[in-house]
Amino acid sequence: MDPVAQFSIFYHQHLNADGELTQALPAFAKDISVLQDLYRQMVQLRAYDTKAIALQRTGKMGTYASTLGQEAISVACGHAMHPEDVLAPFYRDYGAQLQRGVKMSEIYRYWGGDERGSAYTDNQHDFPITVPIASQCLHAAGAARAFQLRGEKRVAVATIGDGGTSEGDFYEAMNVAGAWHMPVVFLVNNNQWGISTPRSAQTAAKTIAQKAIAAGFAGEQVDGNDVIALRERISLAIENARDGGGPTLIEALTYRLCDHTTADDATRYRPEEEVKTAWQQEPVKRLQQYLHSQGAWSDEDESALKTECDQNVQTAVDEYLNTEPPELSSIFDFHYAECPADLLEQRAQLLGDA
Ligand SMILES: Cc1ncc(C[n+]2csc(CCOP(=O)(O)OP(=O)(O)O)c2C)c(N)n1
Ligand SMILES: [Mg+2]
């Protein structure tokens with residue numbers, strides 16, 4: 001008997017955990033200033049993220065989802081996208097959002113419970129952060145369909161966690177994207193955990209990448225702590241989609257070095273040893289080591305960058321804390337195009353008009 005269908009899933013890496021190349025650099029990375037730029041962005045993202053947790057801990061912000069350890073994925077994604085593309089992000093993609101014009105102060109505002117934090121002033125194309133898991137994949141598929149119908153050479157990118165790939169919305173979006181050969185890329189941040197559910201308990205599939213096969217397109221794994229491989233593979237997938245090649249699923253293998261959110265305590269369910277091992281793999285250090293080895297980064301560069309990043313964060317914090325609180329009615333005003341009658345009644349009660 002001959003097999004009816006066969007498939008392979010490939011794993012891509014350029015830079016290992018020690019900051020050494022495991023294969024030749026891709027063309028974009030031969031310009032060292034591009035790698036320095038990616039490094040700067042990861043360091044800036046980490047400074048922003050650290051401050052967000054401090055703001056929450058001191059009662060100045062609501063629950064926050066950190067991106068610690070996962071910086072390479074969103075930074076590479078933002079770098080690979082074109083301005084006219086559309087990002088449908090989940091809640092750990094600040095690195096892509098910042099590159100696409102979203103302000104740090106806007107993201108602080110969002111997690112501070114202020115809906116105006118999703119009304120980006122310098123980003124006209126992207127969706128806001130999505131918390132209902134996997135629904136953003138359908139939004140991205142819808143945007144990609146619109147590009148097809150309008151004959152626009154644009155690409156939609158949906159990002160999602162490993163746990164999210166168990167959701168019906170994810171499979172439905174993948175299915176329609178494959179069936180209609182849409183210009184969309186699904187980027188999975190496989191950080192090994194969905195709150196307290198480990199990847200091993202999440203799905204019996206050997207890889208998440210292979211979920212693309214059932215939908216009729218390619219899936220691949222990338223070292224999610226290697227910003228060089230990520231930038232290369234995401235860019236290839238996006239440009240392939242732009243050129244009519246259809247969707248791709250990229251599974252980026254990383255680790256959630258933080259709690260799930262500030263409302264979580266991961267020490268209750270994760271072995272300390274696992275987290276310790278994961279710290280050896282993290283993305284920022286390895287790129288720094290590589291740049292050092294090329295004579296393209298010094299201790300002076302590092303301290304100048306640290307000062308600059310801290311200043312940018314402080315400016316954003318000042319903007320955030322100096323924002324007038326939102327109108328009380330705002331909790332009703334942004335969910336529906338036309339607010340249903342029962343909510344209008346509650347709104348009136350809240351405002352004392354009833
Ligand atoms: C539709 C839906 N179901 C459940 C939740 C609650 N929830 C929030 S985050 C999360 C786990 C997501 O895990 P994963 O997709 O791996 O993303 P990660 O948080 O690890 O980045 C769940 C179940 C939700 N937000 N939306
Ligand atoms: Mg996860």
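A residue is called buried when its relative accessible area is under 20%, exposed when it is over 50%, and partly exposed in between (1.4 Å probe, protein chains only). By that criterion, seven of the seven residues of strand S4 are buried, so S4 is largely enclosed by the rest of the structure. The model is predicted: local features need pLDDT of at least 70 and side-chain atom pairs count only at pLDDT 80 or more, while totals for chains, interfaces and linings use all residues. Residues are numbered from 1 along each chain as its sequence is written, chains are lettered from A and ligands numbered from 1 in the order in which they are written, and side-chain values use heavy atoms, with hydrogens and water left out.

**The sheet**

- Six strands form an open sheet with parallel pairing, in the order S1-S7-S8-S4-S3-S2; strands (E, at least two residues) and helices (H or I, at least four) are DSSP runs numbered from the N terminus, and two strands pair if DSSP finds at least two bridges between them.
- Strands S1 (11-12) and S2 (86-88) stand at the edges with a single partner strand each, so one side of each has no neighbour in the sheet.
- S1 is joined to strand S7 (residues 218-223) by two bridges, and the two run parallel; Tyr11 stands opposite Gln221 in S7.
- Six bridges pair S3 with S4 in the parallel sense, and Val157 has Val185 of S4 as its bridge partner.
- On S4, Val184, Phe186, Val188 and Asn190 on one side and Val185, Leu187 and Asn189 on the other are all buried.

**Helices across the sheet**

- Helix H2 (residues 71-80) lies across S2, S3 (156-161), S4 (184-190) and S8 (248-253), and runs at about 165° to S4; angles run from 0 to 180 degrees between N-to-C directions of axes, which are lines fitted to C-alpha atoms, for helices over the stretch in contact (heavy atoms within 4.5 Å).
- Helix H5 (residues 135-150) lies across S2, S3 and S4, at about 170° to S3.

- Asn191 is buried at 4% relative accessibility, and Trp193 is buried with a relative accessible area of 9%.
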